[in-house]
Each structure stands twice: as C-alpha cells, then as structure tokens.
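Here are my notes on the model you sent over, as numbered points. Have it open while you read, and tell me where you'd like to go further.

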Amino acid sequence: VLIDLINEIGETLKPDGTTEEKQQAGSDVARFFYLMRHHDTAMDFDLELATKQSDENPVFYVQYAHARICSVIDKAVQQGITLPIGEGLRKGTLVYFHLLQHPKELALILKICDLQNEVARTAEDYSVNRLTTYAIELARTYHSFYDSCRVIQPDQPELSQARLALCEATRTALRAALELLGVSAPNRMDRAERPA
C-alpha cells in the first residue's frame, strides 16, 4: 500500500531523522516518481532508485539543485556580496545582467523562462509529468551552469552579482515547480561541495 511505500522510503533515506522528516522524504519521492509518468501509463516503481541519494534519483537531483543554490547564496552573503531583492531586482537596479553572455548562462535563462509555458501546457492537457520533466531539466541546466561558471568571484563583483541574480531566479523557478508538484524544496542537503 502507498503509506507502507512512503514509510519504507522515508526510513531508508532518513534512518536517523524524525518521524516528520521520514514522512516528508518518503512522500516527496513517492509523489515525484508517480507524477513522472503520464496518467495513462502503467508504472513499475523502482524502489532501489527511489532510495538512492545520488544524481541517479531524479528527486534527489532536483532537490539538490535547490539546496546547492541556497548554499551558494549563503556563501555570497558571508563574503559581503549582496543580491538585490524586491523592487531593485525587478527593475534590474545595480544588477549587471548584460554580463551574462556565457552559453550556459543563456541556456539557464531560457529554461527558467519556459516554466510558464510548461504550466500552461499542463493546465491544458493535465499531463503533470511535464512539470517533473521540467524540474529535472532545469536542475540539469543549473548544474551545467554551476560547473562551467564560477558564481562567487571577489575580483569581479559585478559578474558575481549578475550570476547570483541568475541563481536566485533559478531557485524561484525550482521552488515553484516543486510546490506545484507537492514536493519540498530543502535548503540544505549533505553532499560534498566545490567552491562556489
């Protein structure tokens, strides 16, 4: 039964976690895995994959992208690099967006902008699997950007600020997609990090 599956996944993923943490982890994975398939498609639930804490597990991969962004932004704040928020960000005040010219940056911008189209398509045909696919693709595009473009560069504060704004936009899009799916967007996940 579904509750047994959720409990088993939660116990495997969070053996030392609270009951609530186990329930959340199990629920996130089960929900995401079920929503990855079109509603007309039969599904074989891969429990081994569902309990992996690696990039092979699509839930972990997407949630880790969100947590990685949170970590990058926290590090930037600790180093005194500020990110304009609210009205300043919306108007582009003091954000050097014109510096975002790397192909990985441009690909990420395009993928972020595609969220509204995916939501509209999902509303038209009820294919929620579009949103799981979008979340995975956005995470993949972000990880690719992150591996190619160092975000925090003290010797280039303008570029750092522009890339931080791009990170924040990605975080917002990832969180929105996960919220639509009913899946949590954790701010921290344990994994080895390279410098931001």
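1. Start with Ser-127. Setting aside neighbours within four places in sequence, Ser-127 is in contact with His-38 and Thr-122, where contact means heavy atoms within 4.5 Å. Ser-127 sits in the loop between H7 and H8 and counts as buried, at 6% relative accessibility. For the cut-offs: buried is under 20% relative accessible area, exposed is over 50%, and partly exposed is in between, using a 1.4 Å probe and protein chains only.

2. A word on what you're looking at. This is a predicted model, in which local features need pLDDT of at least 70 and side-chain atom pairs count only at pLDDT 80 or more, while totals for chains, interfaces and linings use all residues. Residues are numbered from 1 along each chain as its sequence is written, and side-chain values use heavy atoms, with hydrogens and water left out.

3. Back to that loop. Tyr-126 is also found between helix H7 (115-125) and helix H8 (129-148). Is Tyr-126 buried or exposed? Tyr-126 counts as exposed, at 63% relative accessibility. Have a look at its backbone too: Tyr-126 has a positive phi of about 60° although it is not a glycine. Most residues other than glycine have a negative phi.

4. Now the overall layout. The chain has nine helices and zero strands, so reading from the N terminus the elements go α-α-α-α-α-α-α-α-α; helices (H or I, at least four residues) and strands (E, at least two) are DSSP runs, numbered from the N terminus. Of the 196 residues, 44% count as buried. Among contacts between residues at least 6 apart in sequence, 71% join residues at least 24 apart.

5. Helix H1 covers residues 2-13, and its 12 residues should span 16 Å at 1.5 Å a residue; the end C-alpha atoms are 16 Å apart, which agrees. The expected span here is 1.5 Å times one less than the number of residues. Which residues of H1 are buried? They are Leu-5, Ile-6, Ile-9, Gly-10 and Leu-13. What covers them includes helix H2 (19-35) and helix H3 (47-50).

6. H9 gets the same check. Its 25 residues should span 36 Å at 1.5 Å a residue, and the end C-alpha atoms are 36 Å apart, which agrees. Just after H9, Gly-182 takes a positive phi of about 80°.

7. Ser-160 is in helix H9 (residues 157-181) and is buried, with a relative accessible area of 1%. Not counting residues up to four places away in sequence, Ser-160 touches Ile-81, Val-151, Ile-152, Gln-153 and Pro-154.

8. Ile-69, in helix H4, counts as buried at 0% relative accessibility. Leaving out residues up to four places away in sequence, Ile-69 touches Tyr-142, Cys-167, Thr-170, Arg-171 and Leu-174. Ile-69 and Leu-166 are 97 residues apart in sequence and 10.0 Å apart in space, C-alpha to C-alpha.

9. His-98 is in the loop between helix H5 (87-91) and helix H6 (103-113), and is exposed, with a relative accessible area of 55%. The C-alpha atoms of His-98 and Ala-162 are separated by 8.3 Å, and the two residues are 64 apart along the chain.

10. Last, the largest pocket, which holds about 540 Å³ of space. On a 1 Å grid over the protein atoms alone, a pocket is an open set of points where a 1.4 Å probe fits, with protein on both sides within 12 Å along at least five of seven lines, and lining residues have an atom within 4 Å of a point. Grid points are joined across faces, edges and corners, and the volume is the space filled by probe spheres set on the points. The pocket is lined by 19 residues, of which Lys-14, Ala-25, Pro-186, Arg-188 and Met-189 lie nearest its centre. H2 and helix H4 (58-78) each supply at least two lining residues, and the largest share, six residues, comes from H2.

11. What is that lining made of? Seven residues are nonpolar, five polar and seven charged. Here Ala, Val, Leu, Ile, Met, Phe, Trp, Tyr, Cys and Pro count as nonpolar, Asp, Glu, Lys and Arg as charged, and the others, Gly among them, as polar.
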